[in-house]
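Work through the following exercises with the sequence and the coordinates side by side, and try each task before reading its solution.

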Amino acid sequence: MKTKKEATLVHAFIPIIVLVASLFIAITKFEADPHIPIIVAIVVAAGIAIFSLGYKWNEIEKGSIETIQMAMQAILILMIIGTVIGVWILSGTVPTMIYYGLKILSPGIFLVATAIICAIVSLATGSSWTTAGTVGIALMGVGQGLGIPMEIVAGAIVSGAYFGDKMSPLSDTTNLAPAMAGATLFEHIQHMLYTTLPSFIIALILYGIIGIKYAGQVLDTANIDIILNGISSNFNISPLLLLPPVIVIILVVLKIPALPGLIAGTTIGGIFAAIFQGSNIGDIINAAHYGFEIESGVEMVDELLNRGGLDSMMWTVSLILLAMTFGGIMEKTGMLQAIGNTILKFANNTGSLITATILTSIAVNFLAADQYLSIVIPGRMYKDVYDERGIHPKVLSRTLEDAGTLTSALIPWNTCGAFMHSALLVSPFAFAPFAFLNIINPIIAIIYGYTGFSITKIDNNKKNGSKQIKPI
């Protein structure tokens, strides 16, 4: 039997270099999608695992499948969200949101309102994907009508959606992070307030400053009127059409699982499509499967509403599967662990340890292309180190989310970045500079690490059989 070798930095960096080089050449030179470059990196990583490290193919395959299983719920949710988008547009729900948004919002408050609205919806649903794929699409339409650049609007949507996702007890990552670190759910959420709330407040201030610029300009009322007329002439608009998203939010708040809740949202949307828009069963099935299509005679309306459907998510689903396969090989063979062990050599104090955790989560998001791995892998790598240094597990769980959850949406080939691109039709590279929460939060976490603020220590002297917690 062939003896397995321990992966070294050289082993780990070869597939990473191949991945980065392949992505760069394919995307910049040929304007290709990231799928084939990831396949190339998968082949290289598997080759190194077999011929250099002594792994058998069935071991690599098993590791990849186990990793893919971690993302299956997200994949199913993604597929159902595609049907929700198509049917909600057909029913008039999304057009109604856009219509009333254009009537009420002004450029001066729009970006702040967008971030807050998305934060509330995501907090209630526990899903940044659901928020961006429903309310986010409507807000993109409003922003377009108000003349605000789409990348700025998308940044505000992502900031708000990820604030709610990060802080919601219904979120999968919010439950995953404390599980990996050894903390409890609610102490994890409470501890995240120290970094996430100030980050969000700063983000809102920045959106308010940007909004002032647009508030001083004359509204393109002609453009808005064209969109309003295009929507009202093709859809029956009614406040009742706002009920489907409200019902979905209520279902999730009542702790109905995400998949049944979203399927209920699609079903309710189909019923409303029949009642308010006179759609038949064939129309509803087509919208759910292939997305909504319309030729309204208004190009802006067509660009805004021709989207959704199960098929529209298959590009992203295939990307997720490939990304998880690559990440699974890298984790199973210990190549990611080799990188982490090297980083730990430089983490000689609390600040550098937290910085190392954040950089590792960002690196896993970039290389393994999935936010689950960016929480699981660093969580496994650093848990014992935090324990040895007397740092409370909730500090680790918070740090995993400060970096892993929030930066995942900023990388185009990451599962989250790919979804945001599919839903908002703006590249993560374009909206990343305006996703202020996602950028500021990791920085604040690093500052806290070096200053000691909110870094809770565990007193190793046991009293009454339990460890004593000391906030620094």
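The exercises below concern a predicted model, and each task is followed by a stepwise solution.

**Exercise 1.** Determine where S22 is placed, whether S22 is buried or exposed, and which residues S22 touches beyond four places away in sequence.

*Solution.* Begin with the secondary structure, where S22 falls within helix α1, spanning residues 9–29. Next take the relative accessible area, which is 17% for S22; because buried means under 20%, S22 is classed as buried. Finally, leaving aside residues up to four places away in sequence, the contacts of S22 are with P37 and V40.

**Exercise 2.** Describe helix α7, including its start, its kink, its surroundings and the residue that follows.

*Solution.* At the start of α7, a side-chain oxygen of S127 comes to within 3.3 Å of the backbone nitrogen of W129. Of the 19 residues of α7, 18 are buried, so the helix is largely enclosed by the rest of the structure. After α7 comes G147, with a positive phi near 80°.

**Exercise 3.** Identify the nonpolar surface patch that includes I256, and classify the accessibility of I256.

*Solution.* The patch is formed by L240, L243, V246, I250, L254 and I256, which together have about 500 Å² of accessible area. Within this set, I256 sits in the loop between α12 (243–253) and α13 (258–277). Its relative accessibility is 34%, and because this value lies between the 20% and 50% cut-offs, I256 counts as partly exposed.

Methods. Residues numbered from 1 in each chain as written. Predicted model: local features only at pLDDT ≥ 70, side-chain atom pairs only at ≥ 80, totals over all residues. Heavy atoms only, no water. Helix = DSSP H or I, 4+ residues; strand = E, 2+ residues; numbered from the N terminus. Buried < 20%, exposed > 50% of the residue type's maximum accessible area, 1.4 Å probe, protein only. Contact = heavy atoms within 4.5 Å. Patch = residues over 30% accessible without salt bridge, like charges linked within 9 Å, V, L, I, M, F, W, Y side chains within 5 Å. Areas by Shrake-Rupley, 256 points an atom, 1.4 Å probe, with all protein chains shown as cover. Salt bridge = Lys/Arg side-chain N within 4 Å of Asp/Glu carboxyl O. Bend = angle between axes of the 7 residues up to and from the residue. Polar contact = N/O pair within 3.5 Å; in protein donor to acceptor, adjacent residues only side chain to side chain.
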